[in-house]
Amino acid sequence: MSHLSPLLWLCAVSAAALNSFTALDPTGVYREYLDALDKDTPAITAFFDAAQSGVFPWTVPAEPEPEPEPLPPEVSEPEPEPEPEEPVSTFTTVDASYFDDALFLGDSHTGGFHDYAGLRNAAYFTKNGLTVADAAEKSFVELNGKKVTLAEALESRQFGKIYILLGINEIGGGTAEGWAAQYRTLLDLVREKQPDAIIFLQSIFHTTQKKSEESYFKNTTINERNAALARLADNRTVFYLDLNPVFDDESGALRTDYSGDGVHVRAPYYPRWRDYLFQFGVVK
């Protein structure tokens, strides 16, 4: 027995050491085994449980799996903002008195309107052969016995409405974009001098089919420029008016029985233009 006592003592010491080592778990390999024990079970049990699984003090502990991040609270998708609505112009039917404070600016087409449409209560700044560029730069308006520029004439009186019709006289040269840029310059001039006026950009009239085919007054070119002109309107203070439905035939050309030269309408038909404008009044 005396020979066994040191051995028993050694076993007891070793068991105590293993129990303490496992409980302290300096390497971290026993963490999950210790967590599985009841509070009254000695820690050394975790040592043997781990050994059965092939885990020893020199085993590299597995990295703990990261805690999953909490999902953010469910957020409903914001409602898409509505697209801005295109400005909608509200036209109203008017009579001749609507034009008491109106100005018509243009070339021979507008000159014919002055002579034959029966709307003499409006003011007119016209010149045969007038172009967009010349309207912005040249002295062509008769005022107090002398010719003045459009800028000077517009300073003499404030108008409630301004109707512009130009473009046929430069239809044979340049591009629609270049022409529209000149028109923009003219429009800016008119707006600067007449900040409160409603401005109507009237379309270039089509020519007859024969005139379109045999000259540079081509309706395809006129359509390109009218499309560029329409883009200058904002439908708030500047409006585009397509006049061609008044005088076109079914092919989209000026009716031959309405015109003597293939470009201008005959005198009896100008009141149709006037009556068409009566349908497109804009009242602030």
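These legends describe close-up views of a predicted model. Local features need pLDDT of at least 70, side-chain atom pairs count only at pLDDT 80 or more, and totals for chains, interfaces and linings use all residues. Residues are numbered from 1 along each chain as its sequence is written, and side-chain values use heavy atoms, with hydrogens and water left out.

**View 1. The open sheet of 5 strands.** Its order is E2-E1-E5-E6-E7, with parallel pairing. Strands are DSSP runs of E, at least two residues, and helices are runs of H or I, at least four, numbered from the N terminus. Two strands pair if DSSP finds at least two bridges between them. Strand E2 (123-126) and strand E7 (238-241) are the edges, each pairing on one side only. From one strand to the next, the twist averages 20°. Strand E6 (residues 198-202) is joined to E7 by 4 bridges. Isoleucine 199 has valine 238 of E7 as its bridge partner.

**View 2. The hairpin of E3 and E4.** Strands E3 (residues 139-143) and E4 (residues 146-149) pair antiparallel over 4 bridges. Valine 141 is bridged to valine 148 in E4. The hairpin has 2 residues between its strands. In the turn, asparagine 144 has a positive phi of about 55°.

**View 3. Helix H7 against helix H9.** H7 (residues 176-193) and H9 (residues 219-230) pack at about 40°, their axes 9 Å apart. Axes are lines fitted to C-alpha atoms, for helices over the stretch in contact; angles run from 0 to 180 degrees between N-to-C directions. Contact (heavy atoms within 4.5 Å) involves Ala176, Trp179, Ala180 and Tyr183 of H7 with Glu224, Arg225, Ala228 and Leu229 of H9.
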